[in-house]
Amino acid sequence: MNFKNLSFTELQEYLKEQNIPVYRGRQIFNWLYQKKAFSWDEMTDLPKELRRRFIDLNVGINSLRLVSRIRDNDGTEKYLFELEDQSKIESVYLPESDRNTVCFSTQVGCGMGCLFCATGRNGIVRNLTVGVIIDQILNISKLTGTQITNIVAMGQGEPLLNYESLMKTLRILNDPKGLGLGARRITISTCGIIPGVLKLAEADLQVNLAISLHAADNQLRDHLMPINKKYPLEKLLEACDHYIAKTNRRVTFEYALIDGINDRKEDLQRLIKLLTGKLCHVNLIPFNPIPDTNFRRSNPKTIAEFAAGLNSAHIETTVRKERGSALTAACGQLQSKG
Ligand code: SF4
């Protein structure tokens, strides 16, 4: 049993079953989420006997052990955490002047096998629990001594293949009694799991949706991202249209520019054709090289031309600022090696 796997209501139900006054639930939530307590000793307004009882009941309140923490010159930090079963996951902290973002993992490994991604190389091990996802954010908040203002499900794993745990996590973090994190400060990034996108369109929590696109035709996308064979571009874009119509929210399309692979003039034209008229934003990412591939980053001139081409076709586009690549904490580079 780990209290961070429970919503506020579930925690109250548990306390009721144990004949513990339910008002203790509010105190416990406050300690876990507002004060970031990681030990029972810290919870000084809970009676000692009660804390002892939770220890006897083997109730956990932290599911991660910090293995390493490395910091880049720009302030980006990469964290390697160990889980109870000794598997390892990575999370990244990105401080900026107006926000502190945590990029968190949702699975141990990933089964999607994207060709340009280090995480996908060893396949999927398993989904992460609610408590483990939450603990990445709370541990980093505690360790950095900062309030986390934004979170992105863009670390290891495909978030929409761990949908139930992910959404429960986000509801707890969104709960004012939890972290009180606004839905607009939460982003889910997917490689294009259509059933997940459709479920998200109906969800009670309106978070931001980002699609890792990286190619604008099926042949190239099949090659770069094997999931495209199951959920091809035209169907994925249809699902995005449905999401936009249902939520009236724009979708972000992530496009990592790889030299000579997806940054050619015809790629730009295909992308313009695909996205014209959509309520969307394109995030161009200078590709972060990973070992044992021939993929290289597009040159700065090509990146600028790609961005200009999209913008002049009235597709709002930004080039992502590079963060953390010196410590292999950038997108697609996480692989739990520490
Ligand atoms: S890019 Fe994302 S979906 Fe693809 S293999 Fe890597 S972690 Fe998985």
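**Close-up views of a predicted model**

**View 1. The buried residues of helix H11 are Thr302, Ile303, Phe306, Ala307, Gly309 and Leu310.** Here buried means under 20% relative accessible area, exposed means over 50%, and partly exposed lies in between (1.4 Å probe, protein chains only). Looking down the axis of H11, these buried residues fall within an arc of 160°, so they line one face of the helix; the arc is taken from the directions between the helix axis and the C-beta atoms. An α-helix has 3.6 residues a turn, so residues three or four places apart point the same way. The face turned away from the buried side of H11 carries the exposed residues Pro300, Lys301 and Ser312. Please keep in mind that this is a predicted model, where local features need pLDDT of at least 70, side-chain atom pairs count only at pLDDT 80 or more, and totals for chains, interfaces and linings use all residues. Residues are numbered from 1 along each chain as its sequence is written, and side-chain values use heavy atoms, with hydrogens and water left out.

**View 2. Helix H11 with its ends and its cover.** Helices (H or I, at least four residues) and strands (E, at least two) are DSSP runs numbered from the N terminus. H11 covers residues 300-312 and reaches 18 Å from its first C-alpha to its last, close to the 18 Å expected; the expected span is 1.5 Å times one less than the number of residues. At the start of H11, a side-chain oxygen of Asn299 comes to within 3.0 Å of the backbone nitrogen of Lys301. Just after H11, His314 has a positive phi of about 65°. The cover over the buried residues of H11 includes strands S10 (251-257), S11 (280-286) and S12 (317-319), along with helix H10 (265-275); contact means heavy atoms within 4.5 Å.

View 3. Around the ligand sit Cys110, Met112, Gly113, Cys114, Cys117, Thr119, Gly120, Gly157 and Cys191, each with a heavy atom within 4 Å of it. This shell divides into five nonpolar, four polar and no charged residues.

**View 4. Val152 in strand S7.** Val152 belongs to strand S7 (residues 150-153) and counts as buried at 16% relative accessibility. Setting aside neighbours within four places in sequence, Val152 is in contact with Thr101, Val102, Cys103, Phe104 and Thr187.

**View 5. Helix H4, residues 130-144.** In H4, 13 of the 15 residues are buried, so this helix is largely enclosed by the rest of the structure. Just after H4, Gly145 takes a positive phi of about 65°.

Key. Polar contact = N/O pair within 3.5 Å; in protein donor to acceptor, adjacent residues only side chain to side chain. Nonpolar A, V, L, I, M, F, W, Y, C, P; charged D, E, K, R; others polar.
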